[in-house]
Amino acid sequence: MSADGLELALAQLEVEAGDVAGNVERALAAVERAADRGADLVALPELFNVGYFAFELYERYAEPFEGETFTRLGEAAAEHGIAVLAGTIVEDLAATETVETPAEEGLANTAALFDANGEVQLVYRKHHLFGYESAEAELLVPGERIETAAVGGVTVGVTTCYDLRFPELYRELVDAGAELLVVPSAWPYPRIEHWETLSRARAIEDQCYVATVNGAGEFEDATLLGRSTVYDPWGVTLASSGDDPALVTAEIEPETVADVREEFPALRDRRL
């Protein structure tokens with residue numbers, strides 16, 4: 001890892017509803033594969049272990065923050081010397097002990113960023129819970145924390161899927177110093193145009209890298225559309241996938257963020 005950038009990998013995994021053991025093994029294999037390809041940071045999709053659309057399984061497979069899924073991914077980060085954004089899991093807030101929670105009980109859609117030593121650097125719980133043809137808003141507690149963390153020479157922020165529709169959240173992260181925003185997701189067909197347009201818009205308006213890591217696979221009532229993509233601060237696509245499992249890689253350079261913001265100072269011109 002250079003002092004002024006990082007190699008990012010997006011692990012677009014095949015996610016099978018309720019196959020927690022298999023899904024976690026696929027995630028661990030992707031971490032190893034990303035490390036072998038020289039990545040400094042690998043990101044996993046939203047609810048990669050249980051499957052976003054398996055709402056009836058959320059309570060059954062909920063884990064504390066210190067549970068098996070995050071523990072194994074933290075260990076994999078240390079073993080392979082790579083930072084890991086452990087997509088999201090369904091967190092059992094009542095059972096969590098080592099990190100602050102937004103409520104004393106209930107479930108949350110939670111991501112953890114581990115550094116290359118396996119230490120937790122960032123916790124993000126999805127702020128905006130999807131209610132359109134989804135049970136998420138009924139089942140989960142929204143998050144409250146907005147954090148950034150340094151990976152190499154890059155300041156990283158995290159949001160999750162539906163959050164893409166709320167630009168004010170991204171402005172808060174940019175104001176906190178974010179140069180790369182990573183978005184674990186479970187975005188389904190048919191909303192391809194929304195997926196691509198919203199992601200590119202967040203990159204353009206916030207003049208930062210935006211990396212969207214989606215899952216692949218079919219559920220009873222939905223099919224994930226894949227298309228994990230890295231956008232640069234001009235909104236240009238640097239790397240992207242189709243709808244099958246894939247490992248998408250791109251170089252993230254903070255000096256590019258600084259150069260774009262200097263050349264076209266839209267953020268400086270804000271009045272609100």
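Hi everyone. What you see is a predicted model, so local features need pLDDT of at least 70 and side-chain atom pairs count only at pLDDT 80 or more, while totals for chains, interfaces and linings use all residues. Residues are numbered from 1 along each chain as its sequence is written, and side-chain values use heavy atoms, with hydrogens and water left out.

Helices (H or I, at least four residues) and strands (E, at least two) are DSSP runs, numbered from the N terminus. Two strands pair if DSSP finds at least two bridges between them.

Let's begin with the sheet that contains β1. Here 6 strands form an open sheet with mixed pairing, in the order β5-β4-β3-β2-β1-β14. At its edges are β5 (120–125) and β14 (246–252), each pairing on one side only. From one strand to the next, the twist averages 25 degrees. For angles, axes are lines fitted to C-alpha atoms, for helices over the stretch in contact, and angles run from 0 to 180 degrees between N-to-C directions. Now look at β1 (residues 6–12) and β2 (residues 41–43): they run parallel and are joined by 3 bridges. Alanine 9 is opposite valine 42 in β2.

On to the other sheet. In what order do its 6 strands come? The order is β6-β7-β8-β9-β12-β13, and this open sheet also has mixed pairing. Its edge strands are β6 (148–151) and β13 (237–240), and each pairs on one side only. Neighbouring strands here are turned by 20 degrees against each other on average, direction ignored.

Buried means under 20% relative accessible area, exposed over 50%, and partly exposed in between, using a 1.4 Å probe and protein chains only. β6 and β7 run antiparallel, joined by 4 bridges, and valine 151 has valine 154 of β7 as its bridge partner. The two strands form a hairpin with 2 residues between them, and glycine 152 in the turn has a positive phi of about 65 degrees.

Leucine 181 faces valine 210 in β9. Helix α5 (residues 167–175) packs on this sheet, touching β6, β7 (154–158) and β8, and its direction makes about 140 degrees with that of β8. Contact means heavy atoms within 4.5 Å.

Helix α5 also has a helix partner. α5 and α6 (residues 192–206) pack with their axes 10 Å apart, at an angle of about 40 degrees. That makes α5 oblique to α6: angles under 35 degrees count as roughly parallel, over 145 as roughly antiparallel, 65 to 115 as roughly perpendicular and the rest as oblique. Pro167, Tyr170, Arg171 and Val174 of α5 make the contact with Arg202, Glu205 and Asp206 of α6.

Next, the other helix pair. The axes of α1 (residues 20–36) and α3 (68–80) come within 10 Å and cross at roughly 20 degrees. These two helices are therefore roughly parallel to each other. Among the residues that meet here are Val24 and Leu28 in α1 and Thr69 and Leu73 in α3. Is threonine 69 buried or exposed? Threonine 69 counts as buried, because its relative accessibility is 2%. Leaving aside neighbours within four places in sequence, threonine 69 is in contact with Val24, Phe48, Asn49, Glu63 and Ile89.

Now the cysteines. A disulfide is a pair of cysteine sulfur atoms within 2.5 Å, and by this rule the count is 0. For cysteine 161, the nearest cysteine sulfur is that of cysteine 208, 18 Å away. Cysteine 161 counts as buried because its relative accessibility is 8%, and cysteine 208 counts as buried at 0%.

Finally, some backbone details. Cysteine 161 lies in the loop between β7 and α5, and its phi is near 45 degrees, a positive value in a residue other than glycine. Glutamine 207, in the loop between α6 and β9, also has a positive phi, about 50 degrees, although it is not a glycine. A cis peptide bond joins tyrosine 189 and proline 190, with omega about 10 degrees. Proline 190 is in the loop between β8 and α6.
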